[in-house]
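Please look at the structure first.

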Amino acid sequence: MDPPEEVAALVRWFWIPEWRIAPGRTSRQHVIPFPACNLVVEHDGVGLAGPATRRSHRDLTGTGWAVGALLRPAAVPSFTPEPAELRDTYLAMDLPDLRARVTDAMNQPADGPLRHRRAVDAFAGWLAGAVPPPDPEALLANALAELVDSDPTVLRVEDVASRLHVSTRTVQRIARRYVGLPPLTMIRRRRLQEAAQRLRTDPGTSLAALASELGYVDQAHLATEFRTVLDFTPSSYRASTTHPPNDHSD
């Protein structure tokens with residue numbers, strides 16, 4: 001869900017899953033990593049998920065919900081001075097007012113879309129009051145992430161520096177402070193996200209052509225990246241999305 005205008009410089013999007021799992025059952029949800037931090041509210045607390053470098057999963061049971069904000073780099077220093085220390089980790093946050101506002105919205109007797117809209121508005125209102133307006137460096141960090149995420153011709157750190165009219169050292173420093181990952185890792189994750197998306201939406205895609213289009217050396221390079229981050233080969237990932245296994249277990 002797109003963020004309200006008041007926090008558009010702080011949040012890329014909001015996401016809200018709800019689940020109701022039969023007693024005695026578990027649903028394992030796999031997540032492809034995105035190079036950013038997420039601030040997440042659940043009924044029992046608030047947490048900050050650091051930038052991911054590999055595939056993760058969560059086992060869902062019972063009934064529950066979560067309201068998450070995929071943070072833009074500009075918002076990250078307000079929650080952690082060293083995002084790199086949170087790679088692949090989840091840090092509990094003492095933010096009772098945020099939790100109360102979002103929980104109240106999610107517990108309202110309304111249909112899903114309306115409750116979700118109210119929860120996002122509550123979350124956004126809290127962020128607008130808690131996070132200061134981005135300064136020029138924070139906005140540059142946003143521009144860095146936006147460039148890497150949106151421009152498939154950006155394949156090297158030097159490409160980022162040239163487009164932003166700064167030095168490669170500045171790109172590296174900003175990525176470390178506001179994202180917690182090296183800029184080259186961000187570029188690689190964007191390529192991997194795009195490759196995975198293509199395989200999901202167009203399973204007939206040629207792996208060799210896809211590797212070439214996304215700037216990989218060859219198909220083997222793409223396969224290595226998949227295995228390293230996702231524990232899948234591209235072929236097995238494509239097969240799993242075309243014929244997904246039953247992810248419920250006793």
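The model is predicted. A search of the whole structure finds 1 cavity of 30 Å³ or more.

**Cavity**
- The largest cavity has a volume of about 140 Å³.
- Its lining has 17 residues, and Ala-36, Leu-71, Pro-73, Ala-145 and Asp-149 are the closest to the centre.
- Helix 3 (136-150) and strand 7 (63-71) each supply at least two lining residues.
- Helix 3 gives the most to this lining, with 4 residues.
- By class, the cavity lining splits into 12 nonpolar, 4 charged and 1 polar.

**Second largest pocket**
- This pocket has a volume of about 170 Å³.
- Helix 6 (residues 183-201) provides the largest share of the lining, 5 residues.
- Among the lining residues are Arg-12, Phe-34, Pro-35 and Asp-149.
- Arg-190, Gln-193, Glu-194, Gln-197 and Arg-200 also line the pocket.
- The lining counts 5 charged, 2 polar and 2 nonpolar residues.

**Glu-42**
- Glu-42 is found in strand 4 (residues 38-42).
- Glu-42 counts as buried because its relative accessibility is 10%, under the 20% cut-off.
- Leaving out residues up to four places away in sequence, Glu-42 touches Trp-19, Arg-58, Trp-65, Ala-66, Tyr-90, Arg-99 and Thr-103.

**Aromatic rings**
- The count comes to 3 aromatic pairs.
- Arg-191 lies over the face of Tyr-216, at 4.2 Å from the ring centre.

Terms used. Residues are numbered from 1 along each chain as its sequence is written. This is a predicted model: local features need pLDDT of at least 70, side-chain atom pairs count only at pLDDT 80 or more; totals for chains, interfaces and linings use all residues. Side-chain values use heavy atoms; hydrogens and water are left out. Buried means under 20% relative accessible area, exposed over 50%, partly exposed in between (1.4 Å probe, protein chains only). Contact means heavy atoms within 4.5 Å. On a 1 Å grid over the protein atoms alone, a cavity is a set of points where a 1.4 Å probe fits but cannot get out, and a pocket is an open set with protein on both sides within 12 Å along at least five of seven lines; lining residues have an atom within 4 Å of a point. Grid points are joined across faces, edges and corners, and a volume is the space filled by probe spheres set on the points. Ala, Val, Leu, Ile, Met, Phe, Trp, Tyr, Cys and Pro count as nonpolar, Asp, Glu, Lys and Arg as charged, and the others, Gly among them, as polar. Rings of Phe, Tyr and Trp (its six-membered ring) pair if their centres lie within 6.5 Å; planes under 30 degrees apart count as stacked, over 60 as edge-to-face and the rest as tilted. A charge sits over a ring if NZ of Lys or CZ of Arg is within 6 Å of the ring centre and within 35 degrees of the ring normal.
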